[in-house]
Amino acid sequence: GDTVRQATLSLRIQQRLRPIRQEYEDFIRRHPDQARARIAFASFLDDLGDEAEEVKQLEKARQLAPTNPAVWNNLANYYGHRGPVTNAFVDYQKAISLNPKEPIYYENLATTVYLFRKDAERFYHLSEQRVFDRVLALYHQARTLAPDSFVLASDLAETYYGIQPMRFAAARAAWEYALRIAHNDVEREGVYVHFARLKMMKGKLA
């Protein structure tokens, strides 16, 4: 709550990061065709909150390496946060087409479609229920590629809370999968909390 201290800390952070930014800029001046360097610099700029320069670097990286799926994924991340979100749909799909074995691309697209359902309905010409089906199919594809990821399994299972009418059997199955791959007691106990929530929502209070 101390505005002065926060401002001082922010300035100190900027001062510490300025030489790193200068190193990136110097490297890119000397190697302007290094797409991977521009992708890394764009991620750094995202952390700094410099959105205009971030997207500029990503667009240049896409020109230099149009078959690099990371460029398309990162651009999709940008558009998913700042719009237009339909650009994110297109760019995630492009990343998937370039590397269909990467689970994070499916998960990112699933999350974005889920969060922006109305936009997805218009863009894909689907009903709300069909949009939910698309989201779940993307999450399932991601889970198939990363079958031991508890976080991914949990994300998929939690998606059911936003679907109306509630698909109880499918939600229960998703949490049972998460329970099977849970790595520790904390994760297992969390799943049982969700089992309780599902029973509560069905009116099985006992």
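Where is the place of Pro84? Pro84 sits in the loop between helix 4 and helix 5, where helices (H or I, at least four residues) and strands (E, at least two) are DSSP runs numbered from the N terminus. The peptide bond that joins Gly83 to Pro84 is cis, with omega near -5°.

The model is predicted, and local features need pLDDT of at least 70, side-chain atom pairs count only at pLDDT 80 or more, and totals for chains, interfaces and linings use all residues. Residues are numbered from 1 along each chain as its sequence is written, and side-chain values use heavy atoms, with hydrogens and water left out.

The secondary structure of the chain consists of 11 helices and 0 strands. The C-alpha trace spans about 65 × 45 × 30 Å along its principal axes. Of the 206 residues, 39% count as buried; buried means under 20% relative accessible area, exposed over 50%, and partly exposed in between (1.4 Å probe, protein chains only). Among contacts in the chain with a separation of 6 or more, 50% are accounted for by residues 24 or more positions apart, contact meaning heavy atoms within 4.5 Å.

Pro165 is placed in the loop between helix 9 and helix 10. In the loop between helix 7 and helix 8 lies His125, whose phi is near 60°, a positive value in a residue other than glycine. With a relative accessible area of 70%, His125 is exposed.

In soluble globular proteins, nonpolar side chains tend to be buried together. The largest nonpolar core of the model has 55 residues, such a core being a set of buried Ala, Val, Leu, Ile, Met, Phe, Trp, Tyr and Cys residues joined through side-chain atoms within 4.5 Å. The residues with the most contacts inside this core are Phe89, Leu109, Val113, Tyr124, Val135, Tyr160 and Trp175. Helix 8 (residues 128-145) supplies the largest share of the core, 7 residues. With neighbours within four places in sequence left aside, Tyr160 is in contact with Leu136, His140, Met166, Arg167, Ala170, Ala171 and Ala174.

His140 lies in helix 8 and is partly exposed, with a relative accessible area of 31%. Apart from neighbours within four places in sequence, the contacts of His140 are with Leu156 and Tyr160. His140 and Arg36 are 104 residues apart in sequence, and their C-alpha atoms are 30 Å apart in space. Asp155, found in helix 9, is partly exposed at a relative accessible area of 27%. Beyond four places in sequence, Asp155 is in contact with Glu107 and Tyr139. The C-alpha atoms of Asp155 and Pro165 are separated by 19 Å, at 10 residues apart along the chain.

Helix 6 (residues 103-115) is mostly covered, with 10 of its 13 residues buried. These are Pro103, Tyr105, Tyr106, Glu107, Asn108, Leu109, Ala110, Thr112, Val113 and Tyr114. They pack against helix 4 (69-82), helix 5 (85-98), helix 7 (117-124), helix 8 and helix 9 (150-159). At 1.5 Å a residue, the 13 residues of helix 6 should span 18 Å, which agrees with the 18 Å between its end C-alpha atoms; the expected span is 1.5 Å times one less than the number of residues.

For helix 3 (residues 51-64), the 14 residues should span 20 Å, and the end C-alpha atoms are 20 Å apart, in agreement. The buried residues of helix 3 are Glu53, Glu54, Val55, Gln57, Leu58, Ala61 and Arg62. Gln57 counts as buried at 6% relative accessibility. Residues up to four places away in sequence not counted, Gln57 touches Ile28, Arg38, Phe41, Ala42 and Leu45.

Two packed helices are described by the angle between their axes and the distance between the axes. The axes of helix 10 (residues 168-181) and helix 11 (residues 185-201) come within 9 Å and cross at roughly 170°; axes are lines fitted to C-alpha atoms, for helices over the stretch in contact, with angles running from 0 to 180 degrees between N-to-C directions. Helix 10 is therefore roughly antiparallel to helix 11, a term for angles over 145 degrees. Helix 10 contributes Phe168, Ala171, Arg172, Trp175, Glu176, Ala178 and Leu179 to the contact, and helix 11 contributes Arg188, Val191, Tyr192, His194, Phe195, Leu198, Lys199 and Met201. By class, the contact has 10 nonpolar, 1 polar and 4 charged residues, where Ala, Val, Leu, Ile, Met, Phe, Trp, Tyr, Cys and Pro count as nonpolar, Asp, Glu, Lys and Arg as charged, and the others, Gly among them, as polar.

Conventions. Angles under 35 degrees count as roughly parallel, over 145 as roughly antiparallel, 65 to 115 as roughly perpendicular and the rest as oblique.
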